[in-house]
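Here is a report on one protein model, for a reader who works with coordinates. Keep the structure open while reading.

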Amino acid sequence: MEYQPDLKQITGEGGVIASVAPGSLGATLGLKPGDTLVAIGQQRLRDVIDYRFAIAEESVTLRVRTAGGDEHTHQLDKDPDDDLGIEFTEPLFDRLRTCNNKCPFCFLTQMPKGFRKTLYLKDDDYRLSFLYNNFVTFTNLTEEDWQRIGEQRLSPMNISVHATDPFWRALMLGKRDVPDVREQIRRLGAMGIDVHAQIVACPGANDGEVLRQSIEDLLALQPIVQSIAVVPVGLTKYRFDGKRPSTIKAAIQVHETPDWINTNWEAQPLWEEQRPPQDQPVQPLHNPEMGFCSRLGAATDIPLRCYTGEEAAAVIDLIEPIGARCRAETGFTLVYPSDEFYLLAERTLPPAEQYDDMPQYSNGVGMVRDFLDLWARARRKLPARLAQPTSLALVCGTLAAPLLEQVARRLRRIEGLTIHVLPITNLFFGETVTVSGLLTAQDLIPVLRASGCTRALLPRVMFNYTGERTIDDYTLHQITEASGVPVALAGDPDELVRYVRALAYDV
């Protein structure tokens, strides 16, 4: 699960120190957890990026407010490469940039009420794109933001494109007034900023020839555009108002319900307010010569649904030849269907070299291939037998079950080890949600309790950024207590093998 900010720690008064390394410059100055670094020289700190730039000088003046409220100034002469040895509670010190779009596939509008507030936060902050590879839309930037991106050379930027054609991009973002993303990418290129692009594909909308044109437009922007990932839309059984929209328009309108307007992000004009007066014709949102001419109202009636296996195969068949052409011309594939498309279509994944250096790994591109290749190496270190009989459950979402069965076949050769692949049907979000990263403890616990297993390994992606809590706020200890089965985390084959090797000596 990607990083989620804690709004309570974002005060606008500087960076709150979480820890100070022993023997560091910060420790020498007497900095302590709970103190706030307000400014360095004349630069009030907006985030950890400002801190990194400002501290890289030979002589710095620090303005610090203690946890007790006292303010101190420290003059420090040092090597420009020396850091203070401090960590902050949050990477952002001022206001989080929130999302002003109404994407029909927005996951936050597909969640029930009752979770912790941060899970409903529509962040769209370019700084998180630079720091954590979050994908952002670039629809909320000010001119000051553009200047800062260039001055501090915040590269790369990860942009949710969805479509390059202005009409289709407006539809995918749920509003008319969207900037031309191609021009934005050109501007970034002029600043020396690289871009990684994402397209969330919806069947019958921005796939097919719309997708082909988007890919070609982005490839024409090389070398600014370094990679393009195409991922399938994900839909749950929920919408924020408890209903499940059947069309793109209905999904967009969920953003306009009282629960979502004027909450913790910018107020947005209602869908109805964006329509022209009745005596004025609806104008296309792009040059008709560019194709895909359709009026906004008609296009929003497209059903919003998940991909079938056959449709997933069609997306792969569209993308792979373009990637092969890119490899022949540039030596890099550049455009990749996400792993989920291959699993849905039951297709063999490409070899690792076709994923280049895995630039979209965190976006679900190349993870499965990487897992298989790592497993091929890690399994050589498996023990021949265990110290005592153990029944181990490998927990996963239903999509990954065939993958883990390949792993289980080798593990079952270990004497004393009984392996159960335990795919968990996602009853909480709905059976259309098949990925391991959105499993809830509420669905897991009864299945684990009934499994008869004596231990269980859970996927690390099931937990938050720090690995402490599931999306429904359960800890490992709580899952163990509720299920009666000791559980542990594994995020890759090496961790799995280390766990099994430890069992070989557990007497």
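The report covers conventions, sheets, helices, aromatic rings, cysteines and backbone geometry.

## Conventions

The model is predicted: local features need pLDDT of at least 70, side-chain atom pairs count only at pLDDT 80 or more, and totals for chains, interfaces and linings use all residues. Residues are numbered from 1 along each chain as its sequence is written, and side-chain values use heavy atoms, with hydrogens and water left out.

Helices (H or I, at least four residues) and strands (E, at least two) are DSSP runs, numbered from the N terminus. Two strands pair if DSSP finds at least two bridges between them. Axes are lines fitted to C-alpha atoms, for helices over the stretch in contact; angles run from 0 to 180 degrees between N-to-C directions.

## Sheet E7-E8-E9-E10

Four strands form an open sheet in the order E7-E8-E9-E10, and the pairing is parallel. Strand E7 (157-160) and strand E10 (335-337) are the edge strands, each pairing on one side only. Neighbouring strands of this sheet are turned by 20° against each other on average, direction ignored.

E7 runs parallel to strand E8 (residues 195-201), and four bridges join them. Across this pair, Ile159 stands opposite Ala197 in E8.

## Sheet E12-E11-E13-E14

Another open sheet has four strands in the order E12-E11-E13-E14, again with parallel pairing. Its edges are strand E12 (415-424) and strand E14 (487-490), and each pairs on one side only. The twist averages 30° from one strand to the next.

Strand E11 (residues 385-397) pairs with E13 in the parallel sense over three bridges. Here Leu392 stands opposite Arg455 in E13.

## Helices

Two packed helices are described by the angle between their axes and the distance between the axes. The axes of helix H7 (residues 208-219) and helix H10 (residues 309-330) come within 10 Å and cross at roughly 20°. That makes H7 roughly parallel to H10 (angles under 35 degrees count as roughly parallel, over 145 as roughly antiparallel, 65 to 115 as roughly perpendicular and the rest as oblique). H7 passes H10 in a right-handed crossing. A crossing is right-handed if the near helix is turned clockwise from the far one by less than a right angle, and left-handed if anticlockwise.

Arg377 is found in helix H12 (residues 367-378). At 46% relative accessibility, Arg377 counts as partly exposed. Buried means under 20% relative accessible area, exposed over 50%, and partly exposed in between (1.4 Å probe, protein chains only). Arg377 and Asp494 are 117 residues apart along the chain, and their C-alpha atoms are separated by 8.8 Å.

## Aromatic rings

A search of the whole structure finds eight aromatic pairs. Rings of Phe, Tyr and Trp (its six-membered ring) pair if their centres lie within 6.5 Å; planes under 30 degrees apart count as stacked, over 60 as edge-to-face and the rest as tilted.

Phe138 and Trp146 have ring centres 5.6 Å apart and planes at 85°, so the pair is edge-to-face. Phe138 and Trp146 are both buried. The rings of Phe428 and Phe429 also form an edge-to-face pair, because their centres are 5.0 Å apart and their planes are at 80°. Phe428 is buried, as is Phe429. Elsewhere, Tyr51, Phe88 and Phe93 form one aromatic cluster.

## Cysteines

How many disulfides does the structure hold? The number is zero, where a disulfide is a pair of cysteine sulfur atoms within 2.5 Å. The sulfur of Cys99 is 5.7 Å from the closest cysteine sulfur, in Cys103, which is too far for a bond. Cys99 counts as buried at 10% relative accessibility. Cys453 counts as buried at 8%.

## Backbone geometry

Most residues other than glycine have a negative phi, and most peptide bonds are trans. Ser155 and Pro156 are joined by a cis peptide bond, with omega about 5°. Pro156 is found in the loop between helix H4 (143-151) and E7. The peptide bond from Gln222 to Pro223 is also cis, with omega near 0°. Pro223 has its place in the loop between H7 and strand E9 (225-232).

Asp356 is not a glycine, and its phi is positive, near 55°. Asp356 lies in the loop between helix H11 (339-345) and H12. Asp473 also has a positive phi, near 70°. Its loop is the one between strand E13 (455-459) and helix H15 (476-483). At 29% relative accessibility, Asp473 counts as partly exposed.
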